[in-house]
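Here is a friendly tour of one structure, from a sheet to a helix pair and on to the domains. Please keep the viewer open as you read.

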Amino acid sequence: MSIFSLAITVLVGVLFFVLFFHLSNFLLDYFRVKASKNFAFENSIRVIIFIAPAFIVLFVFIIYPVFETIRLSFYDKVGENFVGLFNYTWAINDPDFRRSIINNLGWLIVVPTLSTFFGLVIANLADRIWWGSIAKSIIFMPMAISFVGAGVIWKFMYDYRGPGDQQIGLLNAIAVALGFEPQAWLTIPLWNNLFLMAIMIWIQTGLALVIFSAALRSIPNETLDAARIDGASELKIFWSIIIPYLEQTILVIWTIITILVLKVFDIIYAMTNGQWQTEVLANLMYDWMFRGGGDSGRGSVLAFCILIGVIPILAWNLYRHKQEQNV
Amino acid sequence: MKKLTFTSVFSQLLLLLFVIAWIVPTFGLFISSLRDKDVLAISGWWTSFTTTEVNEIYRTKGKEDQIKEGDYYFIKSNLFDENQVKEIYRFGITSKNIDEYEVGETALFKDETEITVFENGDYVWKSKEEFKKKKGKRIFVSAKSPPSFTLDNYKEVLLKEGLGQAFLNTFAVALPATLIPLIICSYFAYALTWMKFYGRDLLLATIIASLVVPLQMCLIPVLTIYNDFGALFGVSAKSYPGIWMAHTGFGLASTTFLLWNFLKTLPSEMIEAARVDGATHYDTFIKIVVPLSIPSFASIFILQFLWVWNDLLVGLVFLDKHPSEIILTAKLKELLGSRGENWEILTTGAFVSMTVPLFIFFSLQRYFIRGLVAGSVKG
């Protein structure tokens, strides 16, 4: 399609929604003047105008699909015949599925921990150094890059050439310079998972960094100064004042990255597509969504497993929200 | 200025180490995208800043190019292709002794023909008798190649590989998929904050629950709806409006939540005063709330835009892989499969896909960070 027709499509799409709100409210005002001043009625119509589009979208794209996916997990591949727990027993016995669960657990342990840790350390370092904000910008930059783009960047880093050839991947060039054999990093089972996780850590450290930076600024300076006057070392201050102060923030960052990691798809799909024992749930699910014309039953089981992973976080968020509302 | 202590030097070094580790991968990609594809395939990008010495083999032209001057036959030409910037310092005519001659010297072949090779690759091959062979002779050269960068890869990728079209497609997906949720959700968030209606708290709780629901839970049913819809009206199930609405749906919870978080910090007296003066909710929204929310709109716009721009999964499921619909990330993934060894295409393609996010990042970083922090402190 040409630039022109794309622009028209875009414009029509956006204008549609602008006009919806504008015209419906205009009509309501118009009839209000004519008809009786029934405030309650007018208000409820306006509430409907305000929330209906969002609610319909929410229902069609989130609420209904969640329950439909759970229902489909008990049905066969075309979603027509009830098969009970068959899809679940298949999953438990499937080697790919087991591998995915183990890998996902590995991701869940390694990535949030290291991202949070690096973020915290860098935020603390950068806070006290005059070129700290430039450093933060640079480390934060991968947040703006797509997972696929990051995949290409790191695939290039991990590139492998035979022992005799010139290495063009940086990691292998370093390995060779240090006197080791070059390795095809992404094909070494178990270790390759770590190399894939490194990409996610590289991206998410920036997120942890900016949130920690904002939180660090909220620590009262008097507290820190008092500790310094009392002769506490920087390390002691870090462990005894900063860490306890940031407890909530650490928890929040941890949950955000955990949710992201549970859904990790792009990196695996672009780099290994689950080969060499790097399979994860989201990639396996995508695979089953389209394999052999699509298997909605198995795909749904896998999606449901990802949901189970986020349910504790979901419950915790709701609990906190309720507490805030009561205050 | 603090005095230079061991701790401060140590922290500077540590931070520098982190910065280097974080920037090097992207930097390497960027440099590689500017290098000549033949050089890129055989040497690391870190060698591109220095003059490198290479040993190469070229072949002279054959009998078709000979000219007769006086009693001798000559073949005069240049060993290099166009655009090659290299400086020969030695050459040879046999594989056993590839740097036998100084540049400018004359070498004698077994058939008694003579060749002189010059620094810039020009050569003169002289013979008493007519040249008879179609194929020329092999010339071994040792050359220095100074750092050189080119934009050829960008031309190739944007025009021939179809990334230019994919770039436009991504815009056509990302702009509406950012603006539509912003429009819908601003009304929604207003209603959640300032309007009283039955079920409001439940709706808010639903939004907070939806924040963390994985996308994967929604894909299969939504795809089924699209397929049924397409079949019913005889249109394609994969279309731009389709993906806009999908992105709107998947981004709705976070957009609403962020806006709601912002709107409830506005002073309620102001809104109530406007209401008492007889302004409708619509007037209040358009004339008071929207102007005050511009900075928060900017943050949310950036977050959602980057999310959509960088998304792969939704694009794969809800758009065709046809050139008129394929988005950048999907195209890049396709290239990873089909052109896995052509690093000039991959590095350049990846960098093209990163231009818009990086531009937004560097020009609007403040809003980006504000959005992220706002989203995290509460959520």
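## A sheet in chain B

In chain B, five strands make up an open sheet with the order β2-β3-β8-β7-β6, and the pairing is antiparallel. Its edge strands are β2 (67–69) and β6 of chain B, each of which pairs on one side only. From one strand to the next, the twist averages 30°. Strands here are DSSP runs of E with at least two residues, helices are runs of H or I with at least four, and both are numbered from the N terminus. Two strands count as paired if DSSP finds at least two bridges between them.

This is a predicted model, in which local features need pLDDT of at least 70, side-chain atom pairs count only at pLDDT 80 or more, and totals for chains, interfaces and linings use all residues. Residues are numbered from 1 along each chain as its sequence is written, while chains are lettered from A and ligands numbered from 1 in the order in which they are written.

Let us look at β7(B) and its two partners.

| Pair | Bridges | Residues between the strands | Positive phi |
|---|---|---|---|
| β6(B, residues 106–108) and β7(B) | three bridges | five residues | B:Glu112, about 70° |
| β7(B) and β8(B, residues 122–127) | four bridges | four residues | B:Gly121, near 100° |

Which residue of β7(B) stands opposite B:Leu108? That residue is B:Glu114, and B:Glu114 also stands opposite B:Lys126 in β8(B). B:Ala107, in turn, stands opposite B:Ile115 in β7(B). Strand β7 of chain B (residues 114–117) has a covered face with B:Ile115 and B:Val117, and an uncovered face with B:Glu114 and B:Thr116.

Helix α6 of chain A (residues 147–157) packs against helix α11 of chain B (residues 328–338) at an angle of about 30°, and their axes lie 9 Å apart. That makes α6(A) roughly parallel to α11(B) (the term covers angles under 35 degrees). Axes are lines fitted to C-alpha atoms, for helices over the stretch in contact, and angles run from 0 to 180 degrees between N-to-C directions.

On the α6(A) side, A:Val148, A:Gly149 and A:Val152 meet B:Thr329, B:Leu332, B:Lys333 and B:Leu336 of α11(B). Contact here requires C-beta atoms, placed from the backbone, to lie within 7 Å.

## Domains of chain A

The domain assignment of chain A gives domain 1 (3–72) and domain 2 (91–326). Their C-alpha centres lie 38 Å apart. The bounds come from an automatic or database domain assignment.

Conventions. A residue is buried if 20 or more other C-beta atoms lie within 10 Å of its own, exposed if 12 or fewer, and partly exposed in between; C-beta atoms are placed from the backbone. Angles under 35 degrees count as roughly parallel, over 145 as roughly antiparallel, 65 to 115 as roughly perpendicular and the rest as oblique. Two residues are in contact if their C-beta atoms, placed from the backbone, lie within 7 Å.
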